[in-house]
Structure formats: C-alpha cells, structure tokens
Amino acid sequence: MKDQEKSGGIVILDFGSQYTQLIARRVREFEVYSEILPWNSPMERVFESRPRGIILSGGPRSTVGPDAPGIDPSMLDGRVPVLGICYGMQLIAHTLGGRVERGKLGEYGRTRVTFDPPDASAMIKGLPGSIDVWMSHWDEVVSLPAGASRFASSESGACAAFSMADGRVQGLQFHPEVQSTEHGCEMLSGFVFDICGATANWRLGDWVGRAMRGISDAVGAGDRVVCGLSGGVDSTVAAVLVSKVLGDRLECIFVDHGFMRKDEPAQVLDMYGRLNLRVRHVEASGRFLEALSGVTNPERKRKIIGEQFIRVFEDEARGLADAKWLLQGTIYPDVIESGSAGGDVIKSHHNVGGLPEKMNMKLLEPLRELFKDEVRRIGPMLNIPEHFLKRHPFPGPGLAVRCIGPLERERLDTLREADAIFVSEIRSAGLYDSIWQAFCVLLPVRSVGVAGDVRTYGETVALRAVSSLDAMTAESVRLPWEVIDRTARRICGEVPGVGRVVMDVTGKPPSTIEWE
Ligand code: XMP
C-alpha cells in the first residue's frame, strides 16, 4: 500500500453485507481508490493507507444481539470522516450512546424517505426533498447519540439518516450503493468528495503502466513465467499484460477440458495468436471424460474436474522446469472471497491451487486489486477485442455443470448445439449485451413426442436467461415470446436427441444461476 494513488482513498469496513463490493466499486467509479477490509481489522491496518474516509457497510447481524461486530469508538471521533450504511449507521448510533431496537415490521425494498432539513448534509445537497431508496433492515435507531441530528425519515417515521461531528460522521439507514436508490451515486459522491475531500486519481490507464513496471521489477531478468489460460477474460488480460513486458518469457498452457461452448477452443486460440501469446494447446477431453465416467453428483463433478485440471497442467508445466513464476488471473473479489484480505473464507478459489508450492514457483497476480469491470475496461488498452471482453460469464467447469446427469461426448455435443442456437437467437434479437447470462441446460429427462408421424423419445433442454449486476442475485429475463418460440422450434428441429424445450424462470435466490 505504498502507491500514491492508494493513499487518500476510502476504506470500507465489511460487516458482511451482500452489497459491500458494490460500495467499493461505486467509489472506484469516481476514480478514487477503495479497499475492503474486514470489520475487525486492527486500527493500524485501517489507517495504514491514510484513507480520506471510512465507510461502514451493512451486515446481517443486530447491534443489540449477542456477539455483535463492533468498532473502536475512537474511529468515530471525526478526525477521519465516517459514513455508516444500514448496520453501519446502527453501529455508529449504538457505539456513541444512541439506542437501537428491533423494529416492529422492518423495512424491505423500495421505501420513500423525506429529507428535512434539506441542507443538513453535503450528501443530499441539491437533491429533491423526497426520494425512493432501497431499504433492508429490521432494527431501528430509536434515539440518536448526543450531538447527532436526524435529516431523513421514512414513511413509517423511522430515522433514515443522521449527521454528527460537524457533518464528519454520517449514517444512512438505506443503501445508496444499489441502483434502486434514487440519487444514490450523488449521495456517495457527496461523501467521498465534499465530506472526505478525496481526489480522483485512480485511473486505469495509469494503472496499466504501473502494473507493467511492477511486473518488470518483480520478475528477475531471464526468469520465465508459466500461465494457465482458460479462455476467460481474467486469465487472458493477465497473460497479455505480462507478455507485453516479458514477451517470449511467458509460456501459456491452454487446457481444453472438452466442456467449452461450440467452436470456442478454436476461437480463443485464434485470438491468442493475434495477441502474440505463446500458447501450448492441450486437448485433454478424453482424460476428463474418462475420469468423470458415470459421475452425476454435481460436487463430485466439480472436484474431479479441478483435480484433473491440476494434473494436466502439472504434466505440461513439468517440461518448463526453469519457470520460476506461475501467473494467475486472480481478481479482487477472489482475494476478498478467499479470505486473503483477512476476512472470512466464503469460497476457496483453486484455479491451479497448490501448484505454486508444489512446483516451487512464485505467484504472479497482477490483477489482484481490480474488480471485474475494471479488468474488462483494461482489455481494450491491451488490444483485446471488445466482443471477447463482453462475452457472458462462463463457469470454470464449463458445460459439465450444465449437462445434468452423466457426461458423455454425445450429450455434450447435443448441449453445445442447442446452446449455440439459443445464443445466436439472443444475438439476432439484439439482446446479448443487455443480458447477464443466457445458456442452455441439458436435462436427463426423456419425453414422448412426434416428428413426421414417428414417435420420438428425446431429452429436454432448459433455456436460462438472467439479468444480474454481480451474480450474487439474479432475475429471470422476460424474453420476447418470438425469441423463445424460434429457439424452441430450431432446437427440436436441428438438434437430434432433443424432444422438448422448457424455460427456467426462477430467480436467484431461490435458485442459483447454474444448475449444478
Ligand atoms: P451460481 O450458479 O452460483 O453462479 O449462481 C454465479 C456466477 O458464477 C458463475 N460460476 C462459476 N464461475 N467457476 C467460475 O469461474 C465456477 O466453478 C463457477 N460456478 C458458477 C456462474 O456462471 C455465474 O455467473
């Protein structure tokens, strides 16, 4: 944390809200560096990068419940501005002697709040007197700490915002970071710039130059680097960035597990070639299918694929005995979720986990401080084609987790063909870029049909199209009927073995985006 651009940013203390990453991304959209730290980080760590402000996130706990996460009260002395959001606001009130109680009903979803007085906080300067905001809370601040003044109330009369310490400590009961809150970005910007006085100096163009210098300094002259390419955005951006610095000293290994979409391996290899990456293509589908023979349990499938991937990669990398570095496309959410930033482990990432130690290699992770949308924005600066960067997210185990039941070559081909038809119809309708993910799932469910007077007994394809901001939650997309109808007719007519097409209309929650 020595970079100039990182000092003077905003620290977000994470109390477990599903929106914490969104707060950090919003701040970065203002070109101000933001970093997420666990709520219980030591004070020296919180102030290490000399932040201009601190945001306390929301969270699932109650300040009045047992073992409620708390903060050192000295953080709220006004020397560094603090904004508490939802749980963060209740925590400020609770810590400074106000009272928080379990509300009777709670407030969930879109709620109207009224500002009064309208000029009470720099965060609401110039906003209408009353706006719709996104609420998600049960507890309420029923009495404010001494010296605090309320400046927003919800329709139920509950306190929706307060300000204290000459405006340097602020609390919002609602979530300004979510899209459903009107003027949310303006409120956050008011905090970041007007209250904290932060400077907009986090520029991705500058970041690229800095990252390249960092790679050049870290990797010793003559050292070689090896990288596993998956065909995805993160590993591609990481590899191109490093190859711009090291040229042929970067050796890439592209493991084709056989679960990619139609024509995908050829397309990505062609692109890697145009980007001047040195890539070893390993066609390993036979090995993967053999290891997965008869396996239908989703978790077993994922585990076997992960293990096979490591074995294949290891076999290939053995020939590169002098490679001292392993390059990985780890991005900031992976760092946060895997607990490396100091938080709880949500899910462990194991792209090629365990390999660096085993093969005595050092890890090179140039993207570890970037969010996904930042990685996508860097792509064009490295001449990576826009259409590749805009592709829908695709899971590491690929079609294996969309082919329910046994993984057989024929069934995978069926799924590939159906998927290609659906995506081409979505593209033709001009909908591709506005949808988060659209794909097919092959179900091992046979049903009776009729085609040209002949009885058929084919499997079922489910269509799934979801909208989402960050894959944490998702909604089913209301596709035009003509698109669904054309897709269903084409799949049944053009893909042998499919007898029925159904539409998955569930959101996340309760369902996940993928089926396995
Ligand atoms: P779920 O199914 O959990 O998916 O709602 C959320 C998002 O993550 C993607 N996904 C994966 N991505 N490796 C990945 O790189 C995986 O194993 C994996 N599983 C799910 C999924 O496509 C969606 O965008």
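What follows is a chat about the labels put on this predicted model.

Colleague: Let's start with the rings. Why is the pair of Phe-15 and Trp-39 called stacked?

Modeller: Two tests. Ring centres have to lie within 6.5 Å to pair, and planes under 30 degrees apart count as stacked. Phe-15 and Trp-39 have centres 6.2 Å apart and planes at 20 degrees, so the pair is stacked. A search of the whole structure turns up eight aromatic pairs, by the way.

Colleague: And what makes Phe-15 and Tyr-87 tilted?

Modeller: The centres are 5.5 Å apart, and the planes make an angle of 40 degrees. Phe-15, Trp-39 and Tyr-87 form one aromatic cluster.

Colleague: What do these pairs tie together in the sequence?

Modeller: Phe-15 is in the loop between β1 and α1, while Trp-39 is in the loop between β2 and α2, so that pair links parts 24 residues apart in sequence. Tyr-87 belongs to helix α3, so its pair with Phe-15 links parts 72 residues apart.

Colleague: On to charges. What makes you say that Arg-402 sits over the ring of Phe-439?

Modeller: The distance limit is 6 Å from CZ of Arg to the ring centre, with an angle limit of 35 degrees from the ring normal. The charged end of Arg-402 is 3.7 Å from the centre of the Phe-439 ring.

Colleague: How do you know that the length of helix α14 agrees with what it should be?

Modeller: The expected span is 1.5 Å times one less than the number of residues. With 20 residues, α14 should span 28 Å, and its end C-alpha atoms are 28 Å apart, so the two agree. Helix α9 has 21 residues and reaches 30 Å, close to the 30 Å expected.

Colleague: Why is Asn-297 called a cap for α9?

Modeller: A side-chain oxygen of Asn-297 lies 2.9 Å from the backbone nitrogen of Glu-299, at the N-terminal end of α9. A polar contact needs N or O atoms within 3.5 Å, so that distance qualifies.

Colleague: Back to α14. What makes Leu-415 buried?

Modeller: Leu-415, found in helix α14, has a relative accessible area of 0%, so it falls under the limit for buried. Leaving aside neighbours within four places in sequence, Leu-415 is in contact with Leu-399, Arg-402, Cys-403, Cys-440, Val-441 and Leu-442. Its C-alpha is 6.9 Å from that of Val-441, 26 residues along the chain. Among the elements covering the buried residues of α14 are α8, β15 and α15.

Colleague: And Gln-437, is that buried or exposed?

Modeller: Gln-437 has 5% relative accessible area, so it is buried. It lies in strand β15.

Colleague: What counts as its polar contacts, then?

Modeller: The side chain of Gln-437 makes one with the side chain of Trp-436 at 3.2 Å and another with the side chain of Glu-514 at 3.4 Å. The limit is 3.5 Å, and neighbours in sequence count only if both atoms are side-chain atoms, so the contact with an adjacent residue gets in on that rule.

How values were computed
Residues numbered from 1 in each chain as written. Predicted model: local features only at pLDDT ≥ 70, side-chain atom pairs only at ≥ 80, totals over all residues. Heavy atoms only, no water. Phe/Tyr/Trp six-rings, centres within 6.5 Å; stacked < 30°, edge-to-face > 60°. Helix = DSSP H or I, 4+ residues; strand = E, 2+ residues; numbered from the N terminus. Contact = heavy atoms within 4.5 Å. Buried < 20%, exposed > 50% of the residue type's maximum accessible area, 1.4 Å probe, protein only. Polar contact = N/O pair within 3.5 Å; in protein donor to acceptor, adjacent residues only side chain to side chain.
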